[in-house]
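Here is a short briefing on one protein model. Look at the structure, then work through the points by topic.

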Amino acid sequence: MTTFSNTNIIDCNLHPISVEIGINKNKIKWTENVAGLHIHIPPIHAKCLIEVPPLAVEDEWTIGWIQAMTACLADNTYGQCGVASREVPMLRNGQVDAINICSSKDEQPWLTKNGDKKRVCGPTYSSTLLEIKFSDQSIMDIPWELPHYSKDADMDSLHDGYIASEPNLSGIYHNQSFRVWLAARNQQSSQIFPLVTIEWNLIFHFDIYPFQRLGRRAKQVSPFLLQSPHVVQNQTIPQSVISGNLYNEVVSTVWRSQSCNTIISKPSSKCQIM
């Protein structure tokens with residue numbers, strides 16, 4: 001448990017008293033079936049106690065969690081055919097430092113699926129204690145076979161007599177970083193104040209042996225890291241997180257063919273050769 005002093009927060013009367021953060025069994029697990037590899041990321045959780053002072057009749061605050069991705073590398077290698085990856089071009093080219101991963105524009109910037117959001121209104125005549133919880137867990141599905149859109153990239157090479165190698169998953173490397181803020185919005189001014197900042201990093205690396213029987217194809221190798229979430233010096237929330245594009249609006253599935261140096265980018269449901 002981390003205890004805070006009031007000096008962490010500037011120009012805001014809401015005070016984080018303590019925060020408990022952790023991870024349930026920080027070991028990545030996986031299962032295999034005929035479709036692909038299912039990677040289970042252990043749940044991350046946080047619980048923060050906030051003190052809200054007495055409020056005047058016109059005072060109103062919304063308090064909740066805001067989650068962003070700050071780095072995204074997700075490469076899946078298919079033998080000598082190429083690499084399929086999930087990319088956020090805005091992060092990759094440095095256009096933004098972080099991107100909100102909440103589920104919809106209607107909820108932005110708040111994470112409501114796995115995080116509490118509470119509203120407190122005046123008048124109140126004594127301090128109020130609020131417990132605000134957060135959790136994050138994910139399962140990643142990675143297919144054994146080549147993504148269907150990747151085959152377009154190799155068509156010219158096939159016509160030239162090139163014979164593609166077996167289209168089976170052979171390696172996985174993901175390196176992603178996340179930042180979560182417990183934040184408070186003053187409903188009168190719409191100003192958002194970060195109260196607590198939490199960060200963590202996820203790295204996993206698998207070698208895949210596609211011709212082994214199911215249950216024995218994936219082997220986790222170094223480097224791998226599921227960093228325990230930790231409180232860092234309070235960070236300003238970027239405008240790109242508060243009102244910019246969401247992760248699910250800008251993420252692309254990218255295929256980089258090794259046979260013909262072709263790149264296919266698939267934003268949303270469309271696929272186009274670049």
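**Overall build**

The protein has four helices and 17 strands. The model is predicted. Of its 274 residues, 45% count as buried.

**Contacts and surface**

- Take the contacts in the protein with a separation of 6 or more: residues 24 or more positions apart account for 74% of them.
- The accessible surface comes to about 14,100 Å².
- Carbon and sulfur atoms hold 48% of that surface.

**Nonpolar cores**

- The largest nonpolar core has 57 residues.
- Which residues touch the most other members of this core? They are Ile39 and Ile63.
- Several strands each supply at least two residues of this core: E2 (15-23), E4 (36-52), E5 (60-78), E9 (128-143), E10 (171-186) and E11 (192-208).
- Two helices also supply at least two residues each, namely H1 (89-92) and H4 (247-250).
- Strand E11 gives the most to this core, with nine residues.
- A second, separate core has 10 residues. Among them are Ala98, Trp110, Ile237 and Ile242.

**The largest pocket**

- About 1,000 Å³ of space lies in the largest pocket.
- Its lining is made up of 37 residues.
- Which of these lie nearest the centre of the pocket? Arg86, Ser138, Ile139, Met140 and Tyr247 do.
- Two or more lining residues come from each of these elements: E4, E5, strand E6 (82-87), E9, E10, E11 and H4.
- Strand E9 gives the largest share of the lining, with eight residues.
- Sorted by class, the lining has 21 nonpolar, 12 polar and four charged residues.

- Ser240 is found in helix H3, which spans residues 239-243.
- Is Ser240 buried or exposed? Ser240 counts as buried, because its relative accessibility is 18% and the cut-off for buried is under 20%.
- What does Ser240 contact, leaving aside its neighbours within four places in sequence? Ser240 is in contact with Val96, Ala98, Gln108 and Asn245.
- One of these partners, Ala98, also belongs to the second core of 10 residues.

Conventions. Residues numbered from 1 in each chain as written. Predicted model: local features only at pLDDT ≥ 70, side-chain atom pairs only at ≥ 80, totals over all residues. Heavy atoms only, no water. Buried < 20%, exposed > 50% of the residue type's maximum accessible area, 1.4 Å probe, protein only. Contact = heavy atoms within 4.5 Å. Areas by Shrake-Rupley, 256 points an atom, 1.4 Å probe, with all protein chains shown as cover. Core = buried A, V, L, I, M, F, W, Y, C linked by side-chain atoms within 4.5 Å. 1 Å grid on protein atoms, 1.4 Å probe; cavity = no way out; pocket = protein on both sides within 12 Å on 5 of 7 lines; lining within 4 Å. Points joined across faces, edges and corners; volume = space filled by probe spheres on them. Nonpolar A, V, L, I, M, F, W, Y, C, P; charged D, E, K, R; others polar.
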